[in-house]
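Dear colleague,

I am passing on the structure we spoke about, with a short account of what was found in it. Please look at it first and then read on.

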Amino acid sequence: MLNQLINMIFERKIFYENSYDIINKRLKLIKASFEYHYNANKNYREICNKYNIIPGDITNYGDLIKIPLIPIDAFKIEAERKLLLTVPMENIRQQVESSGTSGIPSISYKDIVTLDRIAVSILSLYREFFPIIGDYGMFFTIPPKYIAKLGLMKLITFMQVGFSGFDYVIDLPGDPPDFDRILKEILDQKGKSICHLIGAPFLIYDFIQFIKSRYPGKRFDLDPGSMVITIGGWKRKGDSPLCTRDELNGLLADIFNISNFNIRDIFAMAESNLFTMECEYQQKHVPPWGYFSIRNIENPLEKEELSGKSGILAIFDPLNNSSPGFILSGDIGRIVFEGKCKCGRFGQIFQFERRAVGAETRSCALYMDEFINIYQNKGKMENGK
Ligand SMILES: [Zn+2]
C-alpha cells in the first residue's frame, strides 16, 4: 500500500474521490505505515507493547486512538529523536527544523524515502491549489540560504521551481526590508508576469502598513490572478496576533485589488509532512493521504472530539519513513467538516486556532514524561545496564 503512495499523491485524483473512498484508502495507508514502523522500529514496538497494541488491532477509525503518538516535544531532545528513528542514522539526508518560537527548535530527521514523498507532495499540492507556474514570486522572507534548515524554507524553495522569476524582500539577516524597492519591483511586473506575494504574514502586514502611510488612499491594483500566500505564524516573536484574517483580506483587497479567492494560508509543521493548503474558499484541506484527529484537551490519548469541536491536534502521517508519523502536536484546532468542500474537493477541512497554553498542555506534558520514561528504560536495557 505504501508503494502506491507517491503515485496517489502525484495523480491527485484522490482529492475528487468521494468521502467513502478517501476514508478507506486513508485508513489502509495509516495501517500500512503503522505496521511498517511497528516491525522496523524496536523502540516504537516497545511503546506499542506497553500500550498493548499490534497492527492487527487496527480495523477501523475507532481503532486509531490505540496507536501510540509521539509527543511533539520529543523532537526537541536529541537523544529522544534519535531513539525514535525507524531507519539507521546514516540513512538520514536532511534535518528539518521548526522555527522554534519557544526557544528550543524541533528537529525532524528525513531519509531519502521520506524526502521523495515530501518533494512529490509539495509540488503536487502546489499544482492542485495554486495556479502559479510561470509567474513571478515576491518572497516575504530572507533568502533561504541563511535559514535553509527551516521547514518553512523548504516549502518556499519548492515554490520557486515553477516561477519565471523571484526576489526576496530582505537581502541579509537583520537588514530592514526596503519596501520602496519591493513596491517598485512588484509594479514593474504589471502586464509582464502575474506577481504573487508569498511568505511571513507579519512582513506582508508591515508592507501594507508602509504603503498606507506612504501613499494614503492610493491603490496599486495588481494583475488579475495575483495571489497572496501566507506561510508561518501570525505572530511576531512573543507578541499578540497581528490582525485577523478578515482584516488582512480587507487590506489586500483595498490596496492591491486581490479578492479572498486568491488569498491563501498554508499550515505546516516541521515534524509532520502533511501540509494543509487553502482552496479558493479559504478552507484548509488536509491532504487525503493523511489524517488529522482532534483530541480531547483533558484526555488526548483516549478521546477523539467530534467534527466541529476544538481540541489538540494529533496527526497521522503515512509519508514519514524515518520515524513514526503519528504525532501529538501542541496545537489547538478543529475539523470544520469532512466531506465535499465548495471547491469540489473532498476530505477533511482543518482550522488552526492557536498554540496550546497553560493547563491545556498538562496532559501532553504528563504523556511526554511517561513516553521518555519508557524510552529511557529501553535505552538502559540496550546499554546492558
Ligand atoms: Zn475547498
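**What was found**

Of the 385 residues in the protein chain, 42% are buried, a residue being called buried if 20 or more other C-beta atoms, placed from the backbone, lie within 10 Å of its own. Please bear in mind that this is a predicted model, in which local features need pLDDT of at least 70 and side-chain atom pairs count only at pLDDT 80 or more, while totals for chains, interfaces and linings use all residues. Residues are numbered from 1 along each chain as its sequence is written.

The protein chain has ten helices and 14 strands, which are DSSP runs (H or I, at least four residues, for helices; E, at least two, for strands) numbered from the N terminus. The radius of gyration, taken over C-alpha atoms, is 21 Å, close to the 21 Å that the globule rule gives for 385 residues, so the protein chain is as compact as a globular protein of that length; the rule is 2.2 Å times the number of residues to the power 0.38.

An automatic or database assignment sets the domain bounds, with domain 1 covering 2–91 + 285–382 and domain 2 covering 131–226 + 233–266. Their C-alpha centres lie 32 Å apart.

Strand E4 (residues 136–140) and strand E5 (residues 165–168) run parallel and are joined by four bridges, where pairing requires that DSSP finds at least two. Tyr136 has Gly165 in E5 as its bridge partner.

With regards

Methods:
A residue is buried if 20 or more other C-beta atoms lie within 10 Å of its own, exposed if 12 or fewer, and partly exposed in between; C-beta atoms are placed from the backbone.
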